[in-house]
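Here is a friendly briefing to keep beside you while you look at the model.

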Amino acid sequence: MCIWQHYGAVNGVGAEWWDYVNEFMYRCDTEEFFSNNQCIKDAMIHANIDDAKIDQCMSDSGGLEEDEENALLEVQLTAKDKSGVVILPAMYVNRVSIRGSLEFPTVFKAICSGYFTGTAPDVCATCDTCPDIKSCISNGYCGSKKLQESVSTMNMVYALAGLSAVFCLFSFIQHRRYERQMQAQVKGIIAEYMPLDQNQMQNTAVSDEDDIEFT
């Protein structure tokens, strides 16, 4: 509690507090070292926590040696009663208690579901269905980098193939349009010459008849 008060209460993140938890679990989570002061101080040092500041905070709140009320602990117990926490550890998202196991995927999905539609960060959509959500959040993508590169390459191939298909279709349509225009022009030219040919044939027929009558 003292570590969080000094390193997490202001920004609500408490990176040093989380580092200390990891260091403590790595170095002191055994029956032999769990209550070992030297191991605890070593974990604080590796988490960049001022152990003297924490010792003073613990002493000011009531200490650990005397049978006295611990001010910080009483504050936490009062908050527990007001919030209805019945088991520890407990986690709340938007003042709603998360039920069930407090595993990373459960907490992540609970946080993402707390956003209004359209306001959730991209990481929620990217990693929601990923088998390894923690790695997805750390890396910014789901799966291995090689897989992502492969998917990107395939997307590029599909995009180029799509553009090629569109270009071929456009060229085919233009070609057919050009053919129709040419056919229309040829028909127009033929239609213009057909009356002339018919007139010439009629004139020739009249001339033949005149020649016969004259004979």
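How many helices and strands make up the secondary structure of the protein? There are nine helices and two strands, where helices (H or I, at least four residues) and strands (E, at least two) are DSSP runs numbered from the N terminus. This is a predicted model, in which local features need pLDDT of at least 70, side-chain atom pairs count only at pLDDT 80 or more, and totals for chains, interfaces and linings use all residues. Residues are numbered from 1 along each chain as its sequence is written, and side-chain values use heavy atoms, with hydrogens and water left out.

**Confidence**
- The protein averages a pLDDT (the predictor's confidence in each residue, from 0 to 100) of 78, and 78% of the residues score at least 70.
- Confidence is highest in H3, at a mean of 91, and lowest in helix H9 (residues 145-214), at 65.
- Over residues 208-215 pLDDT stays under 50, and the model has zero contacts beyond four places in sequence for them; contact means heavy atoms within 4.5 Å.
- Where pLDDT is low, the predicted coordinates should not be read in detail.

**Overall fold**
- Starting at the N terminus, the elements run α-α-α-α-α-β-β-α-α-α-α.
- Of the 215 residues in the protein, 15% are buried, meaning under 20% relative accessible area, with exposed over 50% and partly exposed in between (1.4 Å probe, protein chains only).

**The second largest pocket**
- About 830 Å³ of space lies in the second largest pocket; a pocket is an open set of points on a 1 Å grid over the protein atoms alone, where a 1.4 Å probe fits, with protein on both sides within 12 Å along at least five of seven lines.
- Its lining (residues with an atom within 4 Å of a point) holds 23 residues, and Met1, Tyr20, Ile40, Met44 and Met58 lie nearest the centre.
- Helix H1 (2-7), helix H2 (15-27), helix H3 (37-46), H4 and H5 each give two or more residues to this lining, and H2 has the largest share, with five residues.
- By type, the lining divides into 16 nonpolar, four polar and three charged residues.

**Asn70**
- Asn70 sits in the loop between helix H4 (51-61) and helix H5 (71-83).
- Asn70 is buried, at a relative accessible area of 16%.
- The Asn70 side chain reaches two backbone nitrogens, that of Leu72 at 3.2 Å and that of Leu73 at 3.0 Å.
- Apart from neighbours within four places in sequence, Asn70 is in contact with Ser61, Gly62 and Gly63.

Technical notes:
Polar contact = N/O pair within 3.5 Å; in protein donor to acceptor, adjacent residues only side chain to side chain. Points joined across faces, edges and corners; volume = space filled by probe spheres on them. Nonpolar A, V, L, I, M, F, W, Y, C, P; charged D, E, K, R; others polar.
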